[in-house]
Amino acid sequence: WISGGTINAPGTTRVISGLTAYSNYEIQTRTFCNSSQFSNWSSSKLFTTTVNPPTLSASIINSNNATITWAAIPNALWYEFMIKPSTGPWVSAGTRAASATSKVFTGLAANVSYQVQARTYGPGSIASPWGTILNFTTVSAVDCQAPPTISASTINATNATISWPAVNL
């Protein structure tokens, strides 16, 4: 046992710093009644520390997908994601390995606001709390057509001329 410090009355909360992520701890407390008298120790409370969830940012957003990025979390084994349109329910958006620092969300609707959350899993499959919600809006869809045909001409060892008909934008 080591001392976790003291807190003066009428305080009822104490932050204990310097703990190790993904570690099990047992804590007890007692009351200092007067200059020489203490209460008995309380019953034990067991808890396991986690890590912080990733902080998400949107790096690429278009009409039907968005790329979300984050900084790697030390000791993470994988990340879990949830997504929802701002007026809909949360749905699972899968996982990514610890080595990943981005995820592409596909199949989104154009011109819709979305919310994304993530959490980190570490040793022992211990999950962090869900992180701060990232809000983003997909852009409006544009009726943009690909050229119907392309051709290659004037081809030599190091160059080629590529041609296509004009497309209405």
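Here are legends for a few close-up views of this predicted model.

Residue numbers start from 1 along each chain as its sequence is written. As the model is predicted, local features need pLDDT of at least 70 and side-chain atom pairs count only at pLDDT 80 or more, while totals for chains, interfaces and linings use all residues, and side-chain values use heavy atoms, with hydrogens and water left out.

**View 1**
Strands here are DSSP runs of E, at least two residues long, numbered from the N terminus. Six of the eight residues in β7 (residues 78–85) are buried, meaning under 20% relative accessible area with a 1.4 Å probe, protein chains only (exposed is over 50%, partly exposed in between). Strands pair if DSSP finds at least two bridges between them. β7 runs antiparallel to β8 (residues 91–97), with five bridges, and five residues sit between the two in a hairpin. Look for methionine 82, whose bridge partner in β8 is serine 92. With β10 (residues 113–122), β7 makes eight antiparallel bridges; there isoleucine 83 stands opposite valine 116.

Rings of Phe, Tyr and Trp (its six-membered ring) pair if their centres lie within 6.5 Å; planes under 30 degrees apart are stacked, over 60 edge-to-face, the rest tilted. The structure has seven such aromatic pairs. In one of them, tryptophan 70 and tyrosine 79 have centres 5.2 Å apart and planes at 65 degrees, so they're edge-to-face. Ring pairs tie Trp70, Tyr79, Phe81 and Phe105 into a cluster.

**View 1. A charge over phenylalanine 38.**
The charged end of arginine 30 sits over this ring, 3.9 Å from its centre (CZ of Arg or NZ of Lys within 6 Å of the ring centre and within 35 degrees of the ring normal). Phenylalanine 38 is partly exposed, at 42% relative accessibility.

Conventions: Helix = DSSP H or I, 4+ residues; strand = E, 2+ residues; numbered from the N terminus.
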